[in-house]
Amino acid sequence: MAEEISETPPTAKDEQLQTSKGSWAHAAFHVATTIATPAAYAPLPFAVASLGWPLGVVSLVGGTLSTWYSSLLIASLWRWDGNTHTTYTHLAKSIYGSWGYWTIAFFQQVASLGNNIAIQIAAAAGSSLKVARRSCYLLFHSCFIVVSLHSSSLYEWAVYKHYDPNGGLKLQHFIVFFGGFELALSQFPDIHSLRWLNALCTLSTIGFATTVIGVTVHSGSRGDRSMVTYGLEGSESDKAFRRFNALGAIAFSFGDAMLPEIQSTVREPVKTNMYKGVSSAYSIIAVTYWQIAFLGYWAFGAGVEPYIVASLTTPNWTLVVANLFAFVQILGCYQIYCRPTYAYFEGRVASAENSRLRGCAYRLVYTFAYVALITLVSSAMPFFGDFVSICGAVGFTPLDFVFPVVAYMKAGKMPRSRKLRLPLLLFNTGIAVWFSIVAVLGCVGAVRYIVQDTRTYSFFHDM
């Protein structure tokens, strides 16, 4: 890795491709927004509870360090063959050819679509907005108004406008509301244009984590500790499948299928700035993830809910604040993950040489179609925890754990020294093999729970 710090002089083609001038701080905002979403780290206490203290701690810490390492490997391949690779698919094609392009395209679409379905169900409409709706009355009558972010003020207006003491609004209403917000944000042209939104999202990540950690410690210290148990109930097969599901959830929590796309927004020296941005983002991720996961399991034991906020009860105003932070944060995450799909259509518009007005109209059409599809699926199958697991197992695990280490070895970037080459070869191979197994186990666990949920819940079920 150290040998790859030096930058290859950019070619004329590289300078044409490198149109954005983002700093390492902007890269950190994008990476943190993409990974550290409430939909990613709110299920971590439940995942640790499913695995138990030893395996849960090892899995979470190991996942953090492994994905940080893998992210640095991807950043180091930015111009590995002298050409700039601005997307994950083009990077894969440069190393593995056409089959690599289409394989990564498949995994990236699974990760992107699955991620946006999951966060639309949970952090936005499913958990954040609906929980906030139930407590919003307390906010407005205690004059505690949160208006620090424009998005949350719009959210408060929507909730207040439609607030019904009898709870008349259903989960699907809030999924549609959230889809409307995302359709408006989808008119921004590229990831770099979202940098200040993602800066707010990063601050919201810290705000959500701080609020949840504080309320968790408060609840754990004031509750009856004798009632907290750490052993799982149920048959051995149920425990095993729950552990499989937990591994998929942990893999999802580090999902970042967009690193080359983010790196394409960074100015020279690209790799050095990306190293700094990735490491800064992972500093935030490590602090927030570990504290929420371990304190949540400590406070509530094996009975912790799949979405940690659902386990918190008092004080009410802090729960509303946490969900407002969650709403703001996932606005940016959704946008980053829909960009590969948008890029495909944008390429077709550019090749057709349409007028600016026609291009904007065309963009509105395909962004509406994308958001409408995600909204429809989210409304029909609101099984948040299962989507988290299967998305992590099938989409994120290959992209975040397996491909980076394998591609780094295939690209011939291993150290020339035999003393360093063999240990690094074994280390990279171990990561690829272990997380391939995790992907299979996580997928098995998630499919089992989806089958069970379809028997329990009907389509368009109000959670």
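Some ground rules. Residues are numbered from 1 along each chain as its sequence is written, and side-chain values use heavy atoms, with hydrogens and water left out. Because the model is predicted, local features need pLDDT of at least 70 and side-chain atom pairs count only at pLDDT 80 or more, while totals for chains, interfaces and linings use all residues.

I start with the rings. Searching the whole structure gives 16 aromatic pairs. To pair, rings of Phe, Tyr and Trp (its six-membered ring) need centres within 6.5 Å; planes under 30 degrees apart are stacked, over 60 edge-to-face, and the rest tilted. Tyr96 and Phe403 make a tilted pair, 6.2 Å centre to centre with 55° between the planes. This pair links distant parts of the chain, 307 residues apart: Tyr96 is in helix α6 (residues 88-96) and Phe403 in helix α16 (residues 384-410). Helices here are DSSP runs of H or I, at least four residues, numbered from the N terminus. Tyr96 and Phe403 are both buried, meaning under 20% relative accessible area with a 1.4 Å probe, protein chains only.

Next, Phe401 and Phe435. Their ring centres are 3.9 Å apart and their planes are at 15°, so this pair is stacked. Phe401 belongs to helix α16 and Phe435 to helix α17 (residues 418-456), 34 residues apart. Phe401 has 1% relative accessibility and counts as buried; Phe435 is buried too, at 9%.

There is also an aromatic cluster, which includes Phe178, Tyr334 and Tyr342.

Now the cores. A nonpolar core is a set of buried Ala, Val, Leu, Ile, Met, Phe, Trp, Tyr and Cys residues joined through side-chain atoms within 4.5 Å. The largest has 85 residues, and among those touching the most other members are Phe208 and Phe403. Helix α13 (residues 270-300) gives the most to this core, 13 residues. Leaving out residues up to four places away in sequence, Phe208 touches Pro38, Tyr41, Tyr307, Val309, Ala322, Phe325 and Ala326, where contact means heavy atoms within 4.5 Å. A second, separate core has 18 residues, including Leu194 and Tyr334.

Definitions and conventions
Helices (H or I, at least four residues) and strands (E, at least two) are DSSP runs, numbered from the N terminus. Buried means under 20% relative accessible area, exposed over 50%, partly exposed in between (1.4 Å probe, protein chains only).
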